[in-house]
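Please read them beside the coordinates.

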Amino acid sequence: MKSKILATFIPVLLVCSFIYFMGFRLDGLTAARANSSVPKDSILQDQVDYKWGTVYIFDSPEKPMTAISMKKLGFLWISDTSVYFLRNEDPIRTIGGVSLANEKEKATVFSVMVEDRDVAYIEAGPESHREQKQVILGEPITFSWDVHIQWNDLNPKALNGEGEVIYEYRYAKSNIIRLEDLKWYPV
């Protein structure tokens, strides 16, 4: 009897260990935290749930990070996709986002943090999917769509209380394109 239990227990333990070390977890957040790109001291800022999984927005002293957790193998989750953003201390910071265009999984997420008291609203999205959200200082403002939208079509803008554009998200106006130059600029 002991040998039958042991013969069953060892293969189950090996399979469970293999699944665990491959990154599979029982929920999306645990899978996202197991993603090797997500810093261990990350703090969850926001999340967007989809039928196929969840997009998590993290922040850490190292860098802002977005991780995607997908439902796989029925009840198991895995996170093998992540995107990082460069840290800055600007009045408006992009803290996360992703644009996903897989065959079954489509999503666009864009998240910012505002510290400028003059900014009342953030708006983003192409004309057919344009959204506007009210700003709460120091709180994440996250936009999400269940379609793939190119980053240059999001055209994010920050508006004051009168509806005037005071910041825009873009690259610096120069002949050289550098990743660190994609940020919010005063208009």
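1. What volume does the largest pocket have? The model is a predicted one, and in it the volume of the largest pocket comes to about 480 Å³. The lining counts 24 residues, and those closest to the pocket centre are Phe 85, Tyr 169, Tyr 171, Leu 179 and Leu 182.

2. Which elements give two or more residues to this lining? They are strands S4 (76-84), S5 (92-101), S11 (165-170) and S12 (183-186), together with helix H3 (151-154). S5 supplies the largest share, with five residues.

3. Sorted by class, the lining of the largest pocket holds 14 nonpolar residues, five polar ones and five charged ones.

4. A nonpolar patch lies on the surface, formed by Tyr 84, Leu 86, Tyr 171, Ile 177 and Leu 179. Together these residues have about 510 Å² of accessible area. Tyr 171 and Leu 179 belong to this patch and are also among the residues closest to the centre of the largest pocket.

5. Why is Leu 86 classed as partly exposed? Its relative accessible area is 38%, which falls between the limits of 20% for buried and 50% for exposed.

6. A separate point concerns Asp 41, located in the loop that runs between helix H2 (28-34) and strand S1 (43-49). Asp 41 is partly exposed as well, at a relative accessible area of 45%. Along the chain Asp 41 and Ser 60 are 19 residues apart, while their C-alpha atoms are separated by 6.1 Å.

Notes:
Residues are numbered from 1 along each chain as its sequence is written. This is a predicted model: local features need pLDDT of at least 70, side-chain atom pairs count only at pLDDT 80 or more; totals for chains, interfaces and linings use all residues. Side-chain values use heavy atoms; hydrogens and water are left out. On a 1 Å grid over the protein atoms alone, a cavity is a set of points where a 1.4 Å probe fits but cannot get out, and a pocket is an open set with protein on both sides within 12 Å along at least five of seven lines; lining residues have an atom within 4 Å of a point. Grid points are joined across faces, edges and corners, and a volume is the space filled by probe spheres set on the points. Helices (H or I, at least four residues) and strands (E, at least two) are DSSP runs, numbered from the N terminus. Ala, Val, Leu, Ile, Met, Phe, Trp, Tyr, Cys and Pro count as nonpolar, Asp, Glu, Lys and Arg as charged, and the others, Gly among them, as polar. Patches are made of residues with over 30% relative accessible area and no salt bridge: like charges are joined within 9 Å, nonpolar side chains (Val, Leu, Ile, Met, Phe, Trp, Tyr) within 5 Å. Accessible areas come from the Shrake-Rupley method with a 1.4 Å probe; for residues, only the protein chains shown count as cover. A salt bridge is a side-chain nitrogen of Lys or Arg within 4 Å of a carboxyl oxygen of Asp or Glu. Buried means under 20% relative accessible area, exposed over 50%, partly exposed in between (1.4 Å probe, protein chains only).
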